[in-house]
Amino acid sequence: MSAATVTRIITPLMQQGVLVQTDRLAKNREQRGKPAYLLDVVGSHAEFAGFKVTGDHVFGVLTDLSGLSIGQIDTPIVHRSPDAVADTIADMVGVLRREHPVSGVGVSIGGQVSPEGVVLRSGILSWTNVDLRQLVEARLPAPVTVSNDVGAFAQAESWWGQARRYHSFVLVTMGAGLGCRIVVDGVVQEGAHGWAGSIGHVPIAATGPVCEMGHVGCLRAFASTEGILSSLRLRTGSESTFPEFLRQAALGASPQVDIARDAARAVGRVVGIVAAIVDPDAVIVSGEGVGVVEIERRAFDEEVARSRHWMSGTETVHVQEIDFYAWARGAAAVAVDEWTRRLE
Ligand SMILES: [Zn+2]
């Protein structure tokens with residue numbers, strides 16, 4: 001980008017108080033011309049509401065421009081109809097907002113979402129072709145974005161998370177589903193049809209557990225929370241919750257520890273293959289199901305190393321546990337992104 005283009009973009013942002021010039025000189029600046037000073041975002045300039053829609057709850061956060069969480073709330077989903085969920089989100093904005101109206105509302109959901117915010121397919125609420133953006137926007141005096149949850153989370157990681165120091169990273173999420181996004185120079189790669197990072201049903205082994213689609217040995221069968229609990233049910237004949245499964249696996253109980261090891265290996269296989277293809281600065285493994293990798297980290301690391309070229313450099317692997325509010329913060333990041341485009 002030329003200096004003239006940068007000046008054209010940042011001048012209105014500085015006039016509106018979104019950006020301020022610091023007294024720190026930029027590194028690697030060209031020797032000729034005026035010295036370049038670093039800019040900072042004024043976090044308190046505007047506020048955004050972000051929501052993560054799950055199968056039974058909507059989680060919401062209020063953030064400022066710098067991603068600082070100012071408030072959070074969750075509401076159970078009583079009726080799964082699109083209108084009822086849109087009502088819930090609109091009500092939650094009313095509870096979250098402070099004295100000023102929010103500058104944007106972001107909603108994220110697992111599944112395929114069009115660039116226009118239409119939920120094309122989401123297994124979580126059994127929705128197809130739901131224009132959720134239009135439904136929520138009709139209820140609120142603020143612009144609304146609707147996006148895939150993993151892509152939104154990757155955006156927040158890129159701006160506000162530990163990934164902000166990397167040029168490129170791969171995000172892999174574990175939970176009810178398995179997700180992946182590749183981010184290069186701050187741009188989340190969504191794919192030609194919005195399916196980038198659909199790693200859930202990648203075949204891992206010729207034998208093994210079976211997913212709900214009937215695939216033998218796919219990643220989802222090995223490492224989704226339901227896949228793990230289903231394996232446990234088959235082996236023990238009894239029901240368990242995921243936190244209880246993790247507690248038993250951490251204590252070394254059998255078969256929990258074996259199931260956790262298989263799950264960690266399956267995710268490690270995919271992480272190693274993606275790293276071999278992308279050669280990123282870092283891989284971030286995250287989500288509410290990441291506990292199995294924390295417990296069986298050695299098995300995971302071995303599998304990552306096995307899948308990657310033996311001569312390749314070693315990217316940094318971060319394993320981080322997150323809650324649903326972190327997902328909601330991802331939706332807020334997409335709302336911020338949309339807001340900055342409107343300023344241009
Ligand atoms: Zn499958």
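Pro255 sits in the loop that runs between helix H7 (242-250) and H8. Please keep in mind that the model is predicted.

- The axes of H7 and H8 cross at roughly 100 degrees and come within 8 Å.
- Angles from 65 to 115 degrees count as roughly perpendicular, so H7 is roughly perpendicular to H8.
- On the H7 side, the residues that meet H8 are Phe245, Gln248 and Ala249. Their partners in H8 are Gln256, Val257 and Ala260.
- By type, the residues in this contact of H7 with H8 divide into 4 nonpolar and 2 polar, with no charged.

**H8 along its length**

- Helix H8 covers residues 256-278, and its 23 residues should span 33 Å at 1.5 Å a residue. The C-alpha atoms at its ends are 33 Å apart, which agrees with that expectation.
- Just after H8 comes Asp279, with a positive phi of about 50 degrees.

**Another positive phi**

- Asn129 is not a glycine, yet it has a positive phi of about 50 degrees.
- You can find Asn129 in strand E9 (residues 127-130).

- Helix H4 (residues 149-160) packs with helix H11 (residues 324-343) at an angle of about 75 degrees, and their axes are 7 Å apart.
- H4 and H11 are therefore roughly perpendicular to each other.
- H4 brings Asp149, Ala152, Phe153, Gln155, Ala156, Trp159 and Trp160 to the contact. From H11 come Trp327, Arg329, Gly330, Ala331, Ala333, Val334 and Asp337.
- The residues of this contact between H4 and H11 divide into 9 nonpolar, 2 polar and 3 charged.

**Domains**

- The domain assignment gives domain 1 (3-41), domain 2 (46-154 + 325-343) and domain 3 (165-321).
- Taken over C-alpha atoms, the centres of domain 2 and domain 3 are separated by 26 Å.
- Where these two domains touch, the contact takes 9 residues from domain 2 and 12 residues from domain 3.
- On the side of domain 2 that touches domain 3, strand E7 (112-113) and H4 are the elements that give two or more residues. H4 gives the most to this side, with 4 residues.
- That side of domain 2 divides into 4 nonpolar and 5 polar residues, with no charged.

**The whole chain**

- The protein chain has 11 helices and 15 strands.
- Its radius of gyration is 21 Å, close to the 20 Å that the globule rule gives for 344 residues, so the chain is as compact as a globular protein of that length.
- Taken along the principal axes, the C-alpha atoms of the chain fill a box of roughly 65 × 55 × 35 Å.

How values were computed
Residues are numbered from 1 along each chain as its sequence is written. This is a predicted model: local features need pLDDT of at least 70, side-chain atom pairs count only at pLDDT 80 or more; totals for chains, interfaces and linings use all residues. Axes are lines fitted to C-alpha atoms, for helices over the stretch in contact, and angles run from 0 to 180 degrees between N-to-C directions. Angles under 35 degrees count as roughly parallel, over 145 as roughly antiparallel, 65 to 115 as roughly perpendicular and the rest as oblique. Two residues are in contact if their C-beta atoms, placed from the backbone, lie within 7 Å. Ala, Val, Leu, Ile, Met, Phe, Trp, Tyr, Cys and Pro count as nonpolar, Asp, Glu, Lys and Arg as charged, and the others, Gly among them, as polar. Domain bounds come from an automatic or database domain assignment. The expected span of a helix is 1.5 Å times one less than its number of residues. The radius of gyration is taken over C-alpha atoms; the globule rule is 2.2 Å times the number of residues to the power 0.38.
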